[in-house]
Structures are given as C-alpha cells and as structure tokens.
Amino acid sequence: MIYENAPAKINLTLDTLYKREDGYHEVEMIMTTVDLNDRLTLEKRRDKKIVLKVEHRYVPTDHRNLAYKAAKLMMDRYGIEQGVTITLDKAIPIAAGLAGGSSDAAATFRGMNRLFELGLSLEVLSELSAEIGSDIPFCIYGKTALCTGRGEKLKMLPKPPAAWVILAKPDISVSTADVYGALKVEDKEADIQTEQCVKALEAGDYQMLVENLGNTLEKVTTEMHPVIQSLKETMQKAGVDAALMSGSGPTVYGLASKERQAKSVVNALKGCCKEVYMVRLLG
Ligand code: ATP
C-alpha cells in the first residue's frame with residue numbers, strides 16, 4: 001500500500017493570450033502549491049479492476065474521475081495486468097479553481113509509478129498526463145512553475161517567499177469551460193505582469209510579487225458571480241498584502257506575510273463566507 005499527497009494550486013498569474021485553432025486558449029500563467037491536500041492510498045488488486053473509493057457526494061467514482069482516468073491510462077500504456085484500489089480522501093473544495101481533480105490525477109500517476117515499480121521519471125509522467133488534462137503536468141511536480149501552451153509546458157521557478165494564504169470559497173461552483181466560453185477580447189484589457197512576477201520569484205522579492213499578481217479570468221467570473229468582488233474587498237479591507245481569484249474561480253485567495261494579519265483576515269470573512277482556509281504557501 002502506498003500513500004500520495006495531492007496539494008491544491010493557486011495562480012499567481014493567469015494570462016490568456018489568444019484562442020487557438022484547436023479551441024484551447026494559449027495561456028501564460030504562474031502556478032504554485034498550497035498546503036491544502038487531498039490524500040490518496042493505492043493498493044494492488046488481484047483482479048484487473050480500477051476501484052475508486054471517495055466519500056463525497058459531488059465526486060464521481062467512475063471513468064469521469066480524473067484519478068480513474070490516470071490509473072486507466074497508466075494500465076493501458078504500460079501493460080499493467082493487475083488492478084488497483086484507490087481511496088481518495090478529499091479536502092480540496094470541488095470546482096473551485098484549485099485544481100483538486102488535476103492534483104488527484106497527478107498523485108495517481110506518481111502512485112501507480114511507485115506501486116507497480118515502473119521507474120518512470122516525473123518528466124515522462126508529466127508528458128503522459130497532458131493527454132487527460134492541461135493542469136496535470138504542473139501537478140505532477142507540484143512546485144512553482146511558469147506554464148504555457150494550454151498550460152502543459154512547464155518552466156520550473158524558484159519557490160515563493162514564505163507567506164500565509166487565506167482561501168475563501170464562495171458557495172457556488174464554476175465550470176472552467178463556461179468561463180473560457182464567456183471570455184471576450186475586451187477582457188484582455190488588464191495587463192497581466194507574468195514577466196514581473198517571474199523576476200520577483202527569481203529575486204525572492206515578496207513585495208514585488210504581491211504587486212504583480214493578476215488573472216484575466218477574474219473579470220469574466222466576477223461578472224457571473226459578483227460575490228467574488230465582495231470577497232476580494234473584504235480581504236483587502238482586512239489588510240491582506242494582495243487578493244486575487246485563482247484559476248477560473250470562484251475561490252479568492254489573499255496573501256499575508258504575518259500570522260496575526262492572516263488570522264484577522266479569516267475573522268473578517270466570518271459571516272460572509274462559510275468555507276475559509278488559512279494555509280501556508282508551499283511552492
Ligand atoms: P481547475 O482549477 O483545474 O479548473 P477545479 O478545482 O476548478 O479545477 P475540480 O475540483 O478538479 O475543479 O473538479 C471539477 C469537476 O470535475 C467536478 O465537478 C467533478 O465532477 C469532476 N471531477 C473529476 N475528477 C475529480 C476529482 N478527483 N476530484 C474532484 N472532482 C473531480
């Protein structure tokens with residue numbers, strides 16, 4: 001039996017460059033991990049089945065689950081004859097912009113590699129994982145990276161300076177496809193400072209980092225769900241160093257360099273958001 005951790009990710013930046021002929025948007029984004037983890041256990045079976053156990057009413061346990069897809073792809077591609085039981089303990093909110101499903105899939109790729117002693121490198125797993133999802137290659141490494149293409153091309157970056165992350169997940173679910181579908185050219189007016197953010201990470205400069213966070217999709221999702229703007233304002237008034245929506249939303253995160261500051265942000269969110277987490281930035 002083996003265990004794998006699947007950390008959530010946040011976007012420090014997310015810039016949509018243009019829509020490609022294959023329907024995907026060409027993106028440029030910096031992603032990093034936070035200490036909010038799903039946990040997976042993988043065990044070999046005597047039969048050839050993939051059995052996924054998840055105690056969560058909104059998470060499918062069949063071929064629709066990204067962890068199931070990852071196990072199936074590994075079995076088919078590497079001729080694995082034995083089945084696997086995967087027990088998935090969810091802590092990351094669903095459809096939240098935190099890549100919970102992608103991180104579970106990445107943990108499954110890493111776990112299958114270990115369980116069946118395939119000896120594949122993270123690079124090989126990362127390339128294979130792009131076949132089932134654009135954010136999974138990043139999650140295979142689970143560190144900090146500049147992600148381009150449709151998100152699957154990675155350049156690893158230095159870990160961000162230590163900080164607290166306050167995650168506020170409003171009581172709505174957002175479909176990534178709907179958000180990209182509603183994205184218009186005008187939404188690109190905001191200048192996303194990915195290059196400045198890369199420089200800030202390279203210099204280990206927290207102040208420069210918090211001044212250059214940005215997400216093109218924030219405007220689109222906020223038009224659908226104005227609560228995102230009010231969560232941001234609540235965080236800003238409570239004194240975060242920066243606040244931004246992660247991915248296609250709806251989770252809003254705030255960064256705080258001091259624990260006391262982070263705790264007062266959590267307090268300010270009480271009463272306006274039921275699902276709030278205070279975690280550390282991992283990278
Ligand atoms: P991203 O940030 O990559 O857009 P997300 O955090 O917004 O991802 P997920 O939580 O990964 O979204 O899930 C979106 C949908 O995918 C859910 O509604 C669920 O039905 C389905 N799904 C498939 N596999 C999983 C999984 N392992 N965990 C959670 N949801 C999953």
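In what follows, Ala, Val, Leu, Ile, Met, Phe, Trp, Tyr, Cys and Pro are called nonpolar, Asp, Glu, Lys and Arg are called charged, and the others, Gly among them, are called polar. With those words in hand, let us walk through the structure, keeping in mind that this is a predicted model.

The shell around the ligand is made of 20 residues, and the closest are A99, G100, G101, D104 and G247. Two elements give two or more residues each to this shell: α1, which covers residues 66-77, and α2, which covers 100-115. Of these, α2 provides the largest share, with 4 residues. Sorted by class, the shell around the ligand holds 9 nonpolar, 8 polar and 3 charged residues.

Now step back to the whole chain. The domain assignment divides the protein chain into domain 1, residues 2-156, and domain 2, residues 164-280. The shell around the ligand takes at least three residues from each of domain 1 and domain 2.

How far apart are the C-alpha centres of domain 1 and domain 2? They lie 23 Å from one another. The two domains also touch: 22 residues of domain 1 are in contact with 32 residues of domain 2. On the domain 1 side of this contact, β1 (2-19), β2 (25-44) and β5 (144-148) each supply at least two residues. The largest share of that side, 7 residues, belongs to β1. By class, the side of domain 1 that touches domain 2 has 13 nonpolar, 6 polar and 3 charged residues.

Let us turn next to a sheet whose 4 strands run in the order β9-β10-β7-β11. This sheet is open, and its pairing is antiparallel. β9 (242-245) and β11 (275-280) stand at the edges and have a single partner strand each, so one side of each is left without a neighbour in the sheet. From one strand to the next, the twist averages 20°.

Strand β7, residues 164-169, pairs with β11 in the antiparallel sense over 6 bridges. If you look for W164, you will find R280 of β11 standing opposite. A helix belongs to this picture too: α9, residues 227-237, lies across β7, β9 and β10 (252-256), and runs at about 15° to β10.

Some stretches of the chain carry labels from a record. In an unreviewed entry, the UniProt annotation "domain: GHMP kinase N-terminal" covers residues 65-143. That span is 53% helix and 8% strand, and its end C-alpha atoms lie 23 Å apart. UniProt, again in an unreviewed entry, places "domain: GHMP kinase C-terminal" at residues 198-271. Over residues 198-271 the chain is 57% helix and 15% strand, with the end C-alpha atoms 36 Å apart.

Which residues does the UniProt annotation "active site" cover? According to the unreviewed entry, they are K9 and D135. These residues are spread over 127 residues of sequence, yet they cluster in space, with a largest C-alpha distance of 9.7 Å. K9 sits in strand β1, the element that gives the largest share of the side of domain 1 that touches domain 2.

Finally, two details of the backbone are worth a look. The peptide bond from G249 to P250 is cis, with omega near 5°. P250 is placed in the loop between β9 and β10, two of the strands of the open sheet. The other detail is at A95, where phi is near 45°, a positive value in a residue other than glycine. A95 belongs to the loop between β4 (84-89) and α2, and α2 is the element that gives the largest share of the shell around the ligand.

Key
Residues are numbered from 1 along each chain as its sequence is written. This is a predicted model: local features need pLDDT of at least 70, side-chain atom pairs count only at pLDDT 80 or more; totals for chains, interfaces and linings use all residues. A residue is near a molecule or strand if its C-beta atom, placed from the backbone, lies within 6 Å of it. Domain bounds come from an automatic or database domain assignment. Two strands pair if DSSP finds at least two bridges between them. Axes are lines fitted to C-alpha atoms, for helices over the stretch in contact, and angles run from 0 to 180 degrees between N-to-C directions. Two residues are in contact if their C-beta atoms, placed from the backbone, lie within 7 Å. UniProt positions are given in the numbering used here, feature names are shortened, and annotations may be inferred rather than shown by experiment.
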